[in-house]
Amino acid sequence: MLVVLVGLGLVAGPQAEEPPRLRDVLARAGEAAEQFGVALQGVVARETYRQTVRPWTGQPFEAQVDGPVLETRRLVSSLLLVHDAATPWQLHRDVVTVDDVPVADRQDRLSALFAGRSGDPRQRLREITEESARYNLGHVTRTINIPTFPLLVMHPTHRERFRFSDGGRSREAEVDVRRVAFREKGRPRLVRGERGRDVELRGLLVIDERTGELVRATVTPHAGLLRSALEVSFARVAGLSRRVPVRLREWYWVDDVPERDRYVEGDATYDEFRRYTTEVSAPVVR
């Protein structure tokens, strides 16, 4: 039966909202990266970081979580964000214990940092971070193993160094996200490896379309015979206005070294976030 409807107004349903353009998402992400250090100035977190050396069989940690272990180390550190407009993603790692044993000279280093009024306090913080790197396990020297490192890719200072491609929209962590692949272009590279070799950064950013904040990021450095990956997850934490890193996973393998039969993996979690204001000479926890 055919029915002719006359005089009935058809009301269109709500129009689907147009998804933001990739360039708009990247602009929001750049603003979020710039504001990260400002909003979280003086935030301290506890890092519980397990590093493991395993035999290399051609597969990273995802396939070898329960595989054989050659060596392991557990580091507990304090991570401090002191805002620097040039490097707003930079965290400073101060190792507190190594395999549950307190670091012997830590109090002396902190006394020198917070009691001394001479010199640049940010330089002293960088020195503490570099000193703490000596506790990294394995044969790969690295200082990029900080959970805020992916913010470097989004920051307006460096964004033009990368080529971005749209990986589509999805839903993650209860928000609409845009998956954005990136690859570094041009030289010199932002990261240098041992012997001054260029390290090309590639990876994937999962960005909250509304706020521009990172929800998840994977960075895969490429340099000669180096294979590696760094993956960071971000989440909301009570008392803080921005998503913060809550987990980092990483692995590194190098083919042209005597230890090519093994690789290093790391798994770090972050909690006990707190904020203090400081004149550097007198930190106040609140």
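1. Arg46 is partly exposed, because its relative accessibility of 30% falls between the 20% and 50% cut-offs. In this predicted model, the side chain of Arg46 meets that of Glu272 in a salt bridge, with N to O at 3.3 Å. The two residues come from distant parts of the chain: Arg46 sits in strand β1 (residues 43-55) and Glu272 in strand β12 (residues 262-277), 226 residues apart. Glu272 also counts as partly exposed, because its relative accessible area is 46%.

2. A second salt bridge joins the side chains of Glu213 and Arg243, at 3.1 Å from N to O. Glu213 belongs to the loop between β8 (198-208) and β9 (214-223), and Arg243 to the loop between β10 (226-235) and β11 (244-254), so this pair ties together parts of the chain 30 residues apart in sequence.

3. Glu231 lies in strand β10 and Arg249 in strand β11, so the bridge ties together parts that are 18 residues apart in sequence. Glu231 has a relative accessible area of 24% and therefore counts as partly exposed.

4. Some salt bridges share partners, and these join Asp166, Arg169, Arg178 and Glu209 into one network. How many salt bridges does the structure hold? The count is 21.

5. Glu184 deserves a separate look. Its place is in strand β6, which covers residues 175-184. Glu184 is buried but has no salt bridge. The nearest side chain of opposite charge belongs to Arg161 and is 4.4 Å away; that pair is not counted as a salt bridge because the cut-off is 4 Å.

6. What does the side chain of Glu184 reach? The side chain extends to the backbone nitrogen of Leu190, at 2.9 Å. With neighbours within four places in sequence left aside, Glu184 is in contact with Arg161, Phe162, Arg189, Leu190, Val199, Glu200 and Leu201. Arg161 is thus listed among the contacts of Glu184, although Glu184 has no salt bridge.

7. Gly138 is a loop residue, placed between α3 (121-132) and α4 (151-154). Gly138 counts as partly exposed because its relative accessibility is 41%. Which residues does Gly138 touch, not counting those up to four places away in sequence? They are Val53 and Val264. The C-alpha atom of Gly138 is separated by 9.0 Å from that of Arg262, a residue 124 positions apart from Gly138 along the chain.

8. The structure holds two cavities of 30 Å³ or more. The largest cavity contains about 110 Å³ of space. Its lining consists of 13 residues, and those closest to the cavity centre are Val43, Ala45, Leu91, Pro245 and Phe273. Which strands each supply at least two residues of this lining? They are β1, β11 and β12. Two of these strands have already come up in point 1: β1 holds Arg46 and β12 holds Glu272. Strand β11 came up in point 3, as the strand in which Arg249 lies.

Definitions and conventions: Residues numbered from 1 in each chain as written. Predicted model: local features only at pLDDT ≥ 70, side-chain atom pairs only at ≥ 80, totals over all residues. Heavy atoms only, no water. Helix = DSSP H or I, 4+ residues; strand = E, 2+ residues; numbered from the N terminus. Buried < 20%, exposed > 50% of the residue type's maximum accessible area, 1.4 Å probe, protein only. Lys, Arg positive; Asp, Glu negative; His and termini not counted. Polar contact = N/O pair within 3.5 Å; in protein donor to acceptor, adjacent residues only side chain to side chain. Contact = heavy atoms within 4.5 Å. 1 Å grid on protein atoms, 1.4 Å probe; cavity = no way out; pocket = protein on both sides within 12 Å on 5 of 7 lines; lining within 4 Å. Points joined across faces, edges and corners; volume = space filled by probe spheres on them.
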